[in-house]
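Subject: Structure for your review

Dear colleague,

Please find below the structure I am handing over to you. My notes on it follow.

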Amino acid sequence: MRTALSASQDTRKHVIETAGGVVASQHRLAAEAGAEVLRAGGDAVDAAVACSFVVGVLEPWMSGPAGGGAAIHWRADSGSATAINFGMRSPKGLNVNDYPLSGEGKAGDLFPWERVVEDRNVQGAKAIAVPGSVEGLGRAHERWGRMPWADLLAPAIAHAKEGMLVDWYAALIIASTARELARDADAAAMFLDDGHWPKGSGWTALADNRLDQSRMADSLDTIARGGARAFHQGDLAQALAADVQAKGGSLTTEDLAGYRSWMGAPRQVGYRDAMFHVMPGLTAGPTFARVMEQLEGADLSTPAQTYAAYARALDVAYAERLGSMGDDGEVPEAPGCTTHFSVVDRAGNMITHTQTLLSIFGSRVVSPTTGFLMNNGIMWFDPEQGKPNSLAPNKACLMNVCPVLGEQGDTRFAFGASGGRKIVSAVSQLSSFVVDGGLDVGGAFHAPRIDVSGGPQIIADDSLPTEVIASLETVKPVETTRRTVLPYAFACPAGVMRREGMNSGCTEIMSPWGDAALEDEQEPA
């Protein structure tokens, strides 16, 4: 593909090894909030709570308290891994008849379902599912946390009171969805100027244009004082449910009060001399396992053979995944609305944590009383009845999330990514780069990748050698593209690694906000 982008520009991120803890997040200030908790003597779980709430304020279109996700925790003292699924559920009072098929073909978002009238399963209050993020964080903190819950929410509350700065990158993200945000008066008030134009920072990016997140600050303060269950019960839950119902959704206080995350054993995936711990159930964990199963018997002796093996394994795994979801046609491309962060502390405890609103800006609905941007988890269901994942009330949502903990000898790593269907391609290749290629976290994150996620072609990094591209073309048609700031042709990963007692971390090299923050406060050279 011909492009106007510079052919000589080289983007890299510096990676430092440290004996202290590391937090790698898609937003630098969220990573810094987690690292500050580690400096104060907190556990990796404490750092994860702080990071999660801050990133929900500073990257609100990706995740937040009104979303869901999954995480895997590694406890160094017991040498054991625990999975927590805090995915969204459909409301108990959801009426399937409210989502009639339009007969207009496939929907144009993350999943290849038939399109619903008015896109009610994608945008608006009827797309809102029961959130789980706060409950999932509360479960982890209750079990392993050392610092007071309220202290961990304090950084997020401070950021919300100040309001997220709309820099050039934020302005681009808002502009990409301005038309949809304008349909909800409260979303328009938060993210747009005059109800139509995206908030911007000015050409020099020196203007101090901020979102008004004061309502969100008040809601976070309620959760800080009342604990995680204050999101699901009490005045905050009543206000949230009332706001959603007033806009036509079916979320109730009963739904919120009855929500519980799942905590249990992760699925173990043996691969060569390594072991992976992945999410079981309705996540991308089983798809990751299928990819690695095929790679174990593949010839990875040359780059050309390696990338062709990646393409074949991903193609088969995604065909099986989409088939189990009831797909029978070509899959459209669309961006995801997800964030990922990983944590390792000084003791070696590790967390790989993915949280999401699903689509970018979720349902594009803001709860005016609470200030929370709401998810559109209902889109995770197939609106056609009689399919493996058909829409129904009180049902767990399917998720593309794929947090992975890997271990090989004295190396342990916690990887994950945002990017919808692109996540599995990224996480499986990064894992192979480490296990098969012996790369450290910096080497793995800078290495070129491909994406094979159910579409008719392979998307390949144009920096790959010609012989690799030729090998990929024997598998499927190939389109080459550049890794750019926006849009992301590949997933946006974040990860940490522990090797020989030293910790390190890295994020997607093209992410202008993503970074790894260190407990010992070292600054990159």
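A pocket, as the word is used here, is an open set of grid points with protein on both sides within 12 Å along at least five of seven lines, and its lining residues have an atom within 4 Å of a point. Please bear in mind that this is a predicted model.

The second largest pocket has 19 lining residues. Gln 9, Thr 11, Arg 482, Arg 483 and Met 510 are those that lie nearest its centre. The volume of this second largest pocket is about 460 Å³. Its lining comprises seven nonpolar, six polar and six charged residues.

Next, two helix pairs. Such a pair is described by the angle between the two axes and the distance between them.

Helix H1 (residues 28–39) packs against helix H2 (residues 44–58) at an angle of about 155°, the axes being 8 Å apart. Because angles over 145 degrees count as roughly antiparallel, H1 is described as roughly antiparallel to H2. The crossing of H1 past H2 is right-handed. On the H1 side, the contact is formed by Leu 29, Ala 30, Ala 31, Ala 33, Gly 34, Val 37 and Leu 38. H2 contributes Ala 44, Asp 46, Ala 47, Ala 50, Cys 51, Val 54, Val 55 and Leu 58. By class, the contact of H1 with H2 holds 13 nonpolar residues, one polar and one charged.

The second pair consists of helix H11 (residues 285–296) and helix H13 (residues 422–435), which pack at an angle of about 45° with their axes 10 Å apart. That angle makes H11 oblique to H13. H11, too, passes its partner H13 in a right-handed crossing. Thr 287, Phe 288, Val 291 and Met 292 of H11 meet Val 424, Val 427, Ser 428 and Ser 431 of H13 in this contact. Five nonpolar and three polar residues make up the contact of H11 with H13, and no charged residues take part.

Two points of backbone geometry may also be of interest to you.

- Leu 486 and Pro 487 are joined by a cis peptide bond, with omega at about 0°. Pro 487 belongs to the loop between strand S17 (478–481) and strand S18 (492–499).
- Asp 119 has a phi near 55°, which is a positive value in a residue other than glycine. Asp 119 is placed in the loop between strand S5 (114–116) and helix H3 (133–144).

Kind regards

Definitions and conventions. Residues numbered from 1 in each chain as written. Predicted model: local features only at pLDDT ≥ 70, side-chain atom pairs only at ≥ 80, totals over all residues. Heavy atoms only, no water. 1 Å grid on protein atoms, 1.4 Å probe; cavity = no way out; pocket = protein on both sides within 12 Å on 5 of 7 lines; lining within 4 Å. Points joined across faces, edges and corners; volume = space filled by probe spheres on them. Nonpolar A, V, L, I, M, F, W, Y, C, P; charged D, E, K, R; others polar. Axes fitted to C-alpha atoms, helices over the stretch in contact; angles between N-to-C directions. Helix = DSSP H or I, 4+ residues; strand = E, 2+ residues; numbered from the N terminus. Parallel < 35°, antiparallel > 145°, perpendicular 65-115°, else oblique. Left-handed = near helix turned anticlockwise from the far one by under 90°. Contact = heavy atoms within 4.5 Å.
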